[in-house]
Amino acid sequence: MKYFRYFLFPLSVLYGCILSIRNFLYNHKFLKSKSYSVPVICVGNLNTGGTGKTPMIELLVRTLGEEYNLATLSRGYKRTTKGFIEVNAHHSSSDVGDEPLQFKNNFPDLKVAVDANRQRGISNLLRAYPKLDMILLDDAFQHRKVKPDFSIVLTTYKDLYVRDFVLPTGNLREFQTGAKRADMIIVTKCPKDLSRTEQKNIALQLRPKPYQKLLFSTIFYSEFVTNTLQKIDINSFNNFTLVTGIANPSPLVSHLKALDKKFSHEKFPDHHEFSAAEIQRLQKIPLLLTTQKDYMRLKTEFSTEKLFYLPIESRILNDPDSLKLNIEKQVFDHLE
């Protein structure tokens, strides 16, 4: 399949050119992007999935949430509902999507909404909460109908967008030049001991523009697995089956192997909708571990003593204070 994709190169060029024309029309205002009085922070990527947008949104909430009144807006990928919905604790993942439900679960006071029409979603949020200070747009870098005040593009340490090509030959949503629209580039899922020399080497590959801040982040895994009722030290959690429905479970698998865990792995596609037969098969397994995103989809199907998830956090490795400082400087200078 990998080699077959190379035969689709002409389609990739055509697809990329169509997107480039679209971007040209937006960049030169032939197509209009709407701005808002409240700062809009966009988090997205060029690669298709697996870059760590969910933990990055949560990092922004932790970084900005104590000082500013925030809301998040997602499209609610694979939900069965339509239109604008403000997420609450009673919703299911099929109602609003697994990631928005996770945001609400981790930050109960956060305003969380879903709407595929981002303009309508922002308008509804501002109508309901006129004192909002910022809105975080999840996975919206290619959504040009809203003009963000600050854009963050994510790319993973092991899969930099400069080493890839557009779909269907590669996994990019647009040509690499699209990264020029970003105000900040964050290399995610880096080793915790990433050296200054390697950071410089990656910077030479990405070649950020003078106006772009380049940061490096890593994933920190909790020392506990948890569910709605209990926490268990990861060191005493063994002989389980790992269930993943995310784009790239490799870092999690590597982390568990490094801890010398004994487990098998049931791997499913990203945002996988588990069938009744799959649920029945998994219910026969004595102990399951999953990601929190998958837990949002699976928790109603399993008893609490059987299903656990491993919490994660994204953290900046180099100059962590600059994440907040760069956002504040640009969005408030822009509003002035």
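**Exercise 1. Find which residues of helix 2 meet which residues of helix 4, then describe the crossing.**

Step 1: From helix 2, T54, I57 and E58 meet E99, Q102, F103 and N106 of helix 4, where contact means heavy atoms within 4.5 Å. Helices (H or I, at least four residues) and strands (E, at least two) are DSSP runs numbered from the N terminus.

Step 2: Sort the residues of this contact: two are nonpolar, three polar and two charged. Here Ala, Val, Leu, Ile, Met, Phe, Trp, Tyr, Cys and Pro count as nonpolar, Asp, Glu, Lys and Arg as charged, and the others, Gly among them, as polar.

Step 3: The axes of helix 2 (residues 53-64) and helix 4 (residues 98-106) come within 11 Å and cross at roughly 30°; axes are lines fitted to C-alpha atoms, for helices over the stretch in contact, with angles from 0 to 180 degrees between N-to-C directions.

A word on the model: it is predicted, so local features need pLDDT of at least 70 and side-chain atom pairs pLDDT 80 or more, while totals for chains, interfaces and linings use all residues. Residues are numbered from 1 along each chain as its sequence is written, and side-chain values use heavy atoms, leaving out hydrogens and water.

**Exercise 2. Locate the cis peptide bond that joins P168 to its partner.**

Step 1: The partner is L167, and omega is about 0°.

Step 2: P168 sits in the loop between strand 6 (150-156) and strand 7 (184-188).
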